[in-house]
Amino acid sequence: MFEKLESIKERFDYLTEQISKPEIIADRETWQKLVKEHSSLQETVDKYAEYKQAQKDMEECKALLEEGDDELRELAKAESEELKNAIASLTDELKVLLLPKDPNDEKNVVIEVRAGAGGEEAGLFGAELVRMYHRFAERNRWGIEEINNNITDLGGVKEVTFMITGKGAYSKLKFESGVHRVQRVPATESQGRVHTSTATVAVLPEVEDIEIEINEKDLKIDTYRSGGAGGQHVNKTESAIRITHLPTGLVVTCEDERSQIKNRDKAMKVLKSRLYDFYQTQADKKYADNRKAQVGTGDRSERIRTYNYPQGRVTDHRIGLTLYALDQFLDGDLEEMIEALQIAAQNAQLTNMND
């Protein structure tokens, strides 16, 4: 571990020197690349410096314990206990900082929400999930870009796709992929019985053009009139886009914009994200991380999280965490849950690393 930390420190010092050179600053692209790497190492280097200072202070305490007078020895003894705890804590923090980073963590995300089991009630719950993610994005001052809204007459979700843009969006929202289950009394239920319904969520990192290439010959592009609200415009203009990737059978639609060109650009962004996910799965054979595996069939028995309205609770079944703050959670207050999921993921990585 400490060999790796020394290597990171050496790289950091080298980058510090490079980014201050006039010839590097003049090459904007190279300079930005080096600054980004330098910034990514800053926290680890700072924490390592804290660790080394604590170790140095500990050595001085040991010397006082051996050679100092009684009063100094008492002070050194108390300080050494504090330093011992600090060193242990810093060691744990350094282990976490050295864990492999998800290369997608800083990216924007494409979120797809679909109604699962439960008919119209599943669609209405899906609409609440969409609102929840919109509110979470607003709390983080992230942007929201609508891509496709296929909704029911009652305002429920058939399939909704949107993008959230902001630094670290994927790092926080990637844990949302899966089946979300709701237990509540539907507005249409006259007997007051609690029903169980589901909606599925897929979270995909936005893929940049340089990461995946798409052959135009592999695409079937159809235009059609939007089926949503829009007045005279939707009745006259075929601005909606449906793109089918023939080799994989993946289909993306976008009808949010009045411009066919803008709809095509948005649809291509989503297609690239889906293809990236598809090919990653094929290459790694890690089916548990596959979008389809995460989302499953939408059956009631498959779920990552349950939203129980009668009890006012939300439970994440992957980590066994229950929060009795359902209203706040659905209003976008997801931080406590997301932080717990991130810690659980880090602990799993640490366990694997130790094994």
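Reader: Great. What kind of model is this?
Author: This is a predicted model, so every value I quote is computed from it.

Reader: Good to know. How many helices and strands does the chain have?
Author: The chain has 11 helices and 11 strands.

Reader: And what share of the residues counts as buried?
Author: Of the 355 residues in the chain, 41% count as buried. For contacts between residues at least 6 apart in sequence, 63% join residues at least 24 apart.

Reader: Okay, then what angle do α1 and α3 make?
Author: Helix α1 covers residues 2-18 and helix α3 covers residues 28-67; their axes cross at roughly 130° and come within 9 Å. That makes α1 oblique to α3.

Reader: Left-handed or right-handed, the way α1 passes α3?
Author: The crossing of α1 with α3 is left-handed.

Reader: Which residues of α1 meet α3?
Author: On the α1 side they are Phe2, Leu5, Glu6, Ile8, Lys9, Arg11, Phe12, Leu15, Thr16 and Gln18. The α3 residues they meet are Leu34, Glu37, His38, Leu41, Gln42, Thr44, Val45, Tyr48, Tyr51 and Lys52. Sorted by class, this contact of α1 with α3 has 10 nonpolar, 5 polar and 5 charged residues.

Reader: Nice. Now α3 and α4: what is the angle there, and how far apart are the axes?
Author: Helix α4 spans residues 70-97, and α3 packs with α4 at an angle of about 155°, with the axes 9 Å apart. The two helices, α3 and α4, are therefore roughly antiparallel to each other. α3 passes α4 in a left-handed crossing. The residues of the α3 and α4 contact divide into 14 nonpolar, 4 polar and 9 charged.

Reader: Can we zoom in on Thr91? Where does Thr91 lie?
Author: Thr91 lies in helix α4 and counts as buried, at 18% relative accessibility. Leaving aside residues up to four places away in sequence, Thr91 touches Met1 and Tyr51.

Reader: How many residues apart in sequence are Thr91 and Tyr51?
Author: Thr91 and Tyr51 are 40 residues apart in sequence, and their C-alpha atoms are 7.4 Å apart in space. Tyr51 is also one of the α3 residues that α1 meets.

Reader: What about Glu43, buried or exposed?
Author: Glu43 counts as exposed, at 53% relative accessibility, and lies in helix α3.

Reader: Switching to the strands: where does His245 lie?
Author: His245 lies in strand β7, residues 240-245. With a relative accessibility of 3%, His245 counts as buried.

Reader: Which residues does His245 touch?
Author: Not counting residues up to four places away in sequence, His245 touches Ile214, Asp218, Leu219, Leu250, Leu271, Leu275 and Tyr279. Among them, Leu219 is 26 residues from His245 in sequence, and the C-alpha to C-alpha distance is 4.9 Å.

Reader: Last topic, cysteines. How many disulfides does the structure hold?
Author: The structure holds 0 disulfides.

Reader: Then is Cys61 buried or exposed?
Author: Cys61 is buried, with a relative accessible area of 2%. Cys254 counts as buried too, at 0% relative accessibility.

Technical notes
Residues are numbered from 1 along each chain as its sequence is written. This is a predicted model: local features need pLDDT of at least 70, side-chain atom pairs count only at pLDDT 80 or more; totals for chains, interfaces and linings use all residues. Side-chain values use heavy atoms; hydrogens and water are left out. Axes are lines fitted to C-alpha atoms, for helices over the stretch in contact, and angles run from 0 to 180 degrees between N-to-C directions. Helices (H or I, at least four residues) and strands (E, at least two) are DSSP runs, numbered from the N terminus. Angles under 35 degrees count as roughly parallel, over 145 as roughly antiparallel, 65 to 115 as roughly perpendicular and the rest as oblique. A crossing is left-handed if the near helix is turned anticlockwise from the far one by less than a right angle, and right-handed if clockwise. Contact means heavy atoms within 4.5 Å. Ala, Val, Leu, Ile, Met, Phe, Trp, Tyr, Cys and Pro count as nonpolar, Asp, Glu, Lys and Arg as charged, and the others, Gly among them, as polar. A disulfide is a pair of cysteine sulfur atoms within 2.5 Å. Buried means under 20% relative accessible area, exposed over 50%, partly exposed in between (1.4 Å probe, protein chains only).
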